[in-house]
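Have a look at the model, then read on.

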Amino acid sequence: MLNASTRTAALYDRVRRVIPSIEWPAFADDIEAILDLKRQRNAVILAHNYQTPEIFHCVADIVGDSLALARKAMTAEADVIVLAGVHFMAETAKLLNPQKTVLIPDLRAGCSLADSITAEDIRLLRQRYPGVPIVTYVNTSAEVKAESDICCTSGNAKAVVESLGVPRVIMLPDEYLAQNIAAQTDVQIIAWKGHCEVHERFTPTDIRQLRENHPGVTVLAHPECPPEVVAEADFSGSTAAMSDYVGRQKPARVVLMTECSMSDNVAVEHPEVEFIRPCNLCPHMKRITLANIRAALEQNRHVVTIDPQIAGRARLAVERMLGLADATPLDRFAPASPKVHQ
């Protein structure tokens, strides 16, 4: 009788460049069980780009950055959604799919950005800056989204800010993302001092050392990195934009200044590109494993719930963001508070 490693050999072929063969037997049983459980429960797995390759490429149904997951969650024809990512992503999936069961495999999968601001902080900001619209990064809790006017991601932040038709906005909680967007627009941006514990650790010295050690390397930086890091890079963009850049430009040698697993996942799609990996791990993303995804489906844990009074307002902020692509410049946004005139 064939063992799980043999039965899943076709999946291993896909990831053999980034997962040593000696590790595969440790993954195969869980992968096989998860695929069976998905069929039994009519479940789909959404996986962020920072998930490890055995999750991202072998059990996930929908993959991408936070914007892609938010969009695709709305069209998932399933009874159960398992979010292989961090808690705010699971909340967003629940906001957009209130009738479906949404599971997060580990409740400790949080986010330093989400933890850097509270709903009360936003209420105080409104008092300090009356009438200034608040743009909130999706890397926040539902309670924070509920106090905001509109959400954004790193991929659409500039478009969201400029869609509001005002000279000044509050953008939170990521200070570096706000500063990097401010450099691209005439809109004045008031920032909050939240940082991603992965991206804030990269420095310009890191990039200069990489260029010295790996001549000709192309450097791509996430906009959550400090502005001086973005300035040293060849390109800056969301995880989706970085992946698209690699696929479009086909650099001979590339480094992605972001979470470790991103490089592994993109490398699977582009075997002709050499990936240099400066490794900054997200401890929260790495709390998600095949074992706890399997347990989530077997035991229906941990179910994501949101207070209905919070959910309605938070959903509106997310839906405003998602609706931008279909809106005209004049009807994209009706601020919750009056526009600022200077």
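Buried means under 20% relative accessible area, exposed means over 50%, and partly exposed lies in between, with a 1.4 Å probe and protein chains only. This is a predicted model, where local features need pLDDT of at least 70 and side-chain atom pairs count only at pLDDT 80 or more, while totals for chains, interfaces and linings use all residues. Residues are numbered from 1 along each chain as its sequence is written, and side-chain values use heavy atoms, leaving out hydrogens and water.

Q: Why is asparagine 139 called buried?
A: Its relative accessibility is 9%, and the label applies under 20%, so asparagine 139 counts as buried.

Q: What makes threonine 239 buried?
A: Threonine 239 has 3% relative accessibility, so it counts as buried.

Q: Which side chain makes a polar contact with the side chain of threonine 239?
A: That of asparagine 49, at 2.8 Å. A polar contact is a pair of N or O atoms within 3.5 Å; within protein, one must be able to donate a hydrogen and the other to accept it, and residues adjacent in sequence count only if both atoms are side-chain atoms.

Q: Why is the pair of tyrosine 12 and tryptophan 24 called tilted?
A: Rings of Phe, Tyr and Trp (its six-membered ring) pair if their centres lie within 6.5 Å; planes under 30 degrees apart are stacked, over 60 edge-to-face, and the rest tilted. The centres of tyrosine 12 and tryptophan 24 are 5.0 Å apart and the planes at 45 degrees, so this pair is tilted.

Q: What makes tryptophan 24 and phenylalanine 27 edge-to-face?
A: Their planes are 85 degrees apart, with 6.4 Å centre to centre.
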